[in-house]
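Please open the model in the viewer and keep the selection tool at hand.

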Amino acid sequence: MGDRVFIFDTTLRDGEQAAGCSMTAAEKVQLALQLEALGVDVMEAGFAIASEGEFTAIQEIAAKVRHSAVASLSRAKREDIERSARALDRAVRPRIHTFLATSPIHREHKLRMDKERVLEETAKAVAFARSFVDEVEFSAEDASRTEPEFLVEVARVAADAGATIFNVPDTVGYAFPEEFGPLVGRVVQAIGDRATVSVHCHNDLGLAVANSLAAVAAGARQVECTVNGIGERAGNAALEEIVMALRIRRDLMGLSTGIRTPEIYRTSRMLSGFVGFDPQPNKAVVGRNAFAHESGVHQDGILKERSTYEIMKPEDVGFPDTGLVLGKHSGRNALRAKLEALGILLEGDGLVQVYRAFTDLADQRKKGVSDDEILELAQGVLVNCG
Ligand code: KIV
Ligand code: ZN
């Protein structure tokens, strides 16, 4: 098992199928090219059988993307798999991703299949997909609520039938890291020498990234994730959080990805523009406030040495350096630094006067004070001082 974690981006499939996240075919192609620039190992371009539009978008992406593998999702059904194979015709590295639910809840209520039948359908779907392409991924939907012994049996059957990647999804975001890690560890032990073990975590309890990292620590080497964490319901594990966690805590995990991190912010903004909404302001890595410092104590620390309150640099993820946000919690040092950045050098009495005017204004505000307003205050003081 190597120290490289493969990033499987599913923004164009699981992300796009979430409420309010639809994109046009042209937008999907543009985002696919940006995902390639970002350096994702695999991108899931869509669910080929879902619609004609979905099929042609996958076709176009498959024809344009040259470096990342391009995947198409298919239920464990011949017609789905054939449709995916056709959509991926022109891909340099086509991957058929086929899935079947394995948990007792899904077996009983959705599929009406017993365990034997699930094993049979798994083997048939994987073998059929392998008749088209070399890269076949099988997902045991709702794996985290599947009996662990049965999940391992499914994994063995999938690997025997030729699956090159076995994915363990926490489909409903139910798992806890302390149980998900060992569950994935059992699968790695059973088939890790024959197939890459992957995870795909949803964020219903806000644990998608923690579960993905626990799985990686247990030997998973592919993580499925989405830009800005978009995806069904509460979303999927956020790509930018997984990648930066592995990078910043390489000392702890000893693992790396192939992501060009300075492309992260651009990718996030492109997606926000297409879906029409931004991530929440305090979203890790890409939120508006991810690198903003307003409190006086923090600003003072940042001005002296950035690492006092920043574990990564904005430029590491391509985030424009917005500098200090000045508001009622800011101190005089931060104001001096801001004025300097705006081209005004002030010390002593002048600085005290501007600071007083600034705190009076900031006190009346819920949001910060803008650069223009600070300039106006400073100019007023300079004029009065003659
Ligand atoms: O959440 C899930 O289980 C999925 C599978 C199709 C991988 O999206
Ligand atoms: Zn999913």
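A search of the whole structure finds 31 salt bridges, a salt bridge being a side-chain nitrogen of Lys or Arg within 4 Å of a carboxyl oxygen of Asp or Glu. This is a predicted model, in which local features need pLDDT of at least 70 and side-chain atom pairs count only at pLDDT 80 or more, while totals for chains, interfaces and linings use all residues; side-chain values use heavy atoms, with hydrogens and water left out. Residues are numbered from 1 along each chain as its sequence is written, and chains are lettered from A and ligands numbered from 1 in the order in which they are written.

Select Arg 4 and Asp 41: their closest N and O atoms are 3.2 Å apart in a salt bridge. Arg 4 is partly exposed at 30% relative accessible area, whereas Asp 41 is buried at 11% (buried is under 20%, exposed over 50%, partly exposed in between, with a 1.4 Å probe and protein chains only).

Next, select Glu 149 and Arg 186, which form a salt bridge at 3.8 Å, N to O. Glu 149 lies in helix H7 and Arg 186 in helix H8, so the pair ties together parts 37 residues apart in sequence. Helices (H or I, at least four residues) and strands (E, at least two) are DSSP runs, numbered from the N terminus.

Then select Arg 93, Arg 95, Glu 135 and Glu 137, which are linked in a network of salt bridges.

Finally, select the zinc ion (ligand 2). Which residues are its protein donors? They are Asp 14 (OD), His 200 (NE2) and His 202 (NE2), lying 2.0 to 2.1 Å from the zinc ion. Donors are N, O and S atoms within 2.8 Å of the metal (3.2 Å for Na, K and Ca); water is not among the atoms, so sites may look incomplete.
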